[in-house]
Structures are given as structure tokens and as C-alpha cells.
Amino acid sequence: MTTEKKSILIVEDEAQISRFLQLELEHENYACSICADGREALETALKNDFDLIILDVMLPSLNGIEILRRLRQVKQTPVIILTARDQVVDKVTGLDIGANDYMTKPFAIEELLARIRLHTKRPSSEVVAPVLVCGKLSVNPDARIATFDGHPIDLTKKEFDLLEFLMQNRNVVVSRERLLDSVWGFDFYGSTNVVDVYVRYLRSKIDDVYGVTLIETVRGAGYVIR
């Protein structure tokens, strides 16, 4: 019985690098497609169901960060950013808007292949998390897509995590400390004010846009979605 090849989209405008990646990946039995232009890459990624996307940042017509931001509004295809930009702020930005991994050039092909295997691993049995619904708000934890009345909400990774946790605890007042532990982690070093900041971010993208009061503040206690 033959196994269907996993498909990878290589988004890279340097022909030498994209050709090298194609040869190495095809040698490992992956099916490859290549795009050198940002807008073409976004259109290709949206129209096709790839198992993984290798994404450069500096691209003609549309940069990789904007491609990823738009892609995450509708799809959760695994994305590995592969770029010469190695500043911490670039890595944080890429990961925060939904990249699954980040590697800088020059890179070791063995490491890249290992990361590809990790992100394309298909579990034999998978538990599907239920879609969370509250009125017109819908949150799909597996697809990591949030919509209001059918309209996609453009959220960063941390904004989505916060909204998902509040939706999982609908009608329960959740303290700032619990939100900090559950969304940011027990080892997070910082003030609980970060929770207030991200709640404001969510309100600006949901409450202010759609004219609703979704996340309520319970003075001295925390926040709740009812």
C-alpha cells in the first residue's frame, strides 16, 4: 500500500535556496510547490490544503508576516518561518501571530527536516475539541479560528488563548491571577496588568467593532463572559 506524500509549500524568492529546499524535501518524499511572490503565495496557500508551509519574511509584493496574518484568519496550516532576520522582536512577532516555528538563515537542513517531521506528524487518533459558542461569538480551539456572526476576528496567539479560556469558563468569574497562570503560564514573570491590557485588546476587536458587551469586568474579582 502506497502512502500519500505530504505536501509542502516553499515561499522563497531566492531561487538557489528554494531549489535546494525542493531537492532535499523531494528526496525525503515530500511533494513540493514553490512561490517566489508574496501575493501569489497567499493565494496558493488559501486555495490548497498543504501539510506545511516554509515561509520567508522578505518577499516581493507582500511580506511573510502579512501572509501569515491573513492566512491565520481562515487556516491553521503549520508554518515554519525561515528568514535571515534574527532579531528577537522578529521572532516574537512571527510566533505571536501564529507561526509554529522559526528558523534563521543559514540553517542546517537536518534540523529543518526534523522540525518539518514534528509539525506534519499526523496522530493516529485525535480528540477534537468542541467549538465554543456564546451568542454570536464562536471559537474553534482546534482550528484556532474565532468568528462573530460569521465574521472572522483577527487575533494574535495570546489574544486567542485568552478568549478561548474565558469561553471555556463561560458564566464563571475568572480572577486575573488564574488567567495569568492558565494563559501565560506559572513561570510568567510580570504584573497581572498584562491581563487587563489583553482584555482591552479583545474588546477593541469584538465589543467596539460589533457594539456588544462581551467580556464583563467584575470589580475586585476578575472577568467573565456570560
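1. Glutamate 164 belongs to helix 6, residues 157-168; helices (H or I, at least four residues) and strands (E, at least two) are DSSP runs, numbered from the N terminus. Once neighbours within four places in sequence are left aside, glutamate 164 is in contact, meaning heavy atoms within 4.5 Å, with Leu132, Val139, Pro141 and Arg144.

2. Residues are numbered from 1 along each chain as its sequence is written, and side-chain values use heavy atoms, with hydrogens and water left out. Because the model is predicted, local features need pLDDT of at least 70 and side-chain atom pairs count only at pLDDT 80 or more, whereas totals for chains, interfaces and linings use all residues.

3. For the chain as a whole, there are nine helices and eleven strands, and the C-alpha trace spans about 60 × 40 × 35 Å along its principal axes. Buried residues make up 45% of the 226 residues, and, among contacts between residues at least 6 apart in sequence, 56% join residues at least 24 apart.

4. Five strands form an open sheet in the order 2-1-3-4-5, with parallel pairing, two strands being paired if DSSP finds at least two bridges between them. Strand 2 (31-35) and strand 5 stand at the edges with a single partner strand each, so one side of each is left without a neighbour in the sheet. From one strand to the next the twist averages 20°.

5. Within that sheet, strand 3 pairs in the parallel sense with strand 1 over four bridges and with strand 4 over three bridges. Isoleucine 8 stands opposite leucine 52 of strand 3, while isoleucine 53 has valine 79 of strand 4 as its bridge partner and isoleucine 54 has isoleucine 80. Strand 3 is covered on both faces, with Leu52 and Ile54 buried on one side and Ile53 and Leu55 buried on the other.

6. Which residues of helix 5 (residues 109-119) are buried? They are Ile109, Leu112, Leu113, Ile116 and His119, and they lie on the same side of helix 5 because they cover an arc of only 130° around the axis, the arc being that of the directions from the helix axis to the C-beta atoms. The face turned away from this buried side carries the exposed residues Glu110 and Leu118.

7. The buried residues of helix 5 pack against strand 1 (7-11), helix 1 (15-27), strand 3 (52-55), strand 4 (79-83) and strand 5 (101-104).

8. Asparagine 63 sits in the loop between strand 3 and helix 3 (64-71) and is partly exposed, with a relative accessible area of 36%. Asparagine 63 and leucine 42 are 21 residues apart in sequence and 10.0 Å apart in space, C-alpha to C-alpha.

Conventions: Buried < 20%, exposed > 50% of the residue type's maximum accessible area, 1.4 Å probe, protein only. Axes fitted to C-alpha atoms, helices over the stretch in contact; angles between N-to-C directions.
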